[in-house]
Protein chains: 2
Amino acid sequence: MSENVGITAPTCAIGYAFKAIEGKWKLPVMYVLSEHGTARYNEIKRELGITNMMLTNTLRDLEEFGLVNRVQYNEVPPRVEYSLTDNGYAIIPALKEFEKWGQLLLDAKPEAEEGENEND
Amino acid sequence: MSENVGITAPTCAIGYAFKAIEGKWKLPVMYVLSEHGTARYNEIKRELGITNMMLTNTLRDLEEFGLVNRVQYNEVPPRVEYSLTDNGYAIIPALKEFEKWGQLLLDAKPEAEEGENEND
DNA sequence: CAGTATCCAAACGGATACTG
DNA sequence: CAGTATCCGTTTGGATACTG
């Protein structure tokens, strides 16, 4: 495999974007950060129901891609705040489109396969 | 876990969108279909360098979500054509935003960590 | 509080063989 | 051609316990 053409080419914009958000948690974490502006480790964790390992790895990956800032305050108890970089922020329009799409999907699902409770 | 609030709530638009595209191949397959309009099984397979199992499973999942149409022609040799449904098509704006974002990321990466060859 | 370490399960991926 | 089935190794994800 590894045919480096089309989507899989390292210089392909959409392919690079896909790589940047690969994995289950990249987009959710970025979404939370986009909403909070700044969020602490356990804040993100609580909000997403993600495990330590996954959150740590996801944040590391996002840092390496230059999408997330990590600021550590040497206090007791320790405080670490995460936020989006400029490049990270730039994903928000895409996220908004995704949200609109998700809403469309929900609206187009009148059968409500799993929405047997409307006490919402 | 399974705190059904916020992003993880089944009625959350962005959460539902995340679920719909979960997995490594959903977006790439939808992207290929958005470009081709209609594509045959082996066409998608070649373009993405994806295995039979992964492609089959991905297409099934997308069908179940109502995002992809499968049209089978009873010819010899058999021909099966895949295309996006209306709901599937509706993801294109998001995809375009993603592409723009990917381009931004590529442009903002002058160091070219892996682009040691410019004979492209 | 913000992580690491460890172990285990599920998803992913490749090769090969087989089917309609 | 368009899959399905199986085996198997690797990667990713999750639960729990533990550390600075």
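Which residue in strand 3 of chain B is the bridge partner of Asn69(B)?

Modeller: In strand 3 of chain B, Asn69(B) has Ser83(B) as its bridge partner. Before going on, please keep in mind that this is a predicted model, where local features need pLDDT of at least 70, side-chain atom pairs count only at pLDDT 80 or more, and totals for chains, interfaces and linings use all residues. Residues are numbered from 1 along each chain as its sequence is written, chains are lettered from A and ligands numbered from 1 in the order in which they are written, and side-chain values use heavy atoms, leaving out hydrogens and water.

Six bridges join strand 2 of chain B to strand 3 (residues 79-84), and the two run antiparallel. Strands here are DSSP runs of E with at least two residues, helices are runs of H or I with at least four, and both are numbered from the N terminus; two strands pair if DSSP finds at least two bridges between them. In chain B, three strands form an open sheet in the order 1-3-2, with antiparallel pairing. Its edge strands, each pairing on one side only, are strand 1 (38-40) and strand 2 (68-73) of chain B. From one strand to the next, the twist averages 30 degrees.

Now for the packing. Helix 3 (residues 41-48) of chain B packs on the sheet and touches strand 1 and strand 3 of chain B, contact being heavy atoms within 4.5 Å. The direction of helix 3 makes about 85 degrees with that of strand 1 of chain B; axes are lines fitted to C-alpha atoms, for helices over the stretch in contact, and angles run from 0 to 180 degrees between N-to-C directions. Helix 4 (residues 52-64) of chain B lies across strand 2 and strand 3, running at about 115 degrees to strand 2 of chain B.
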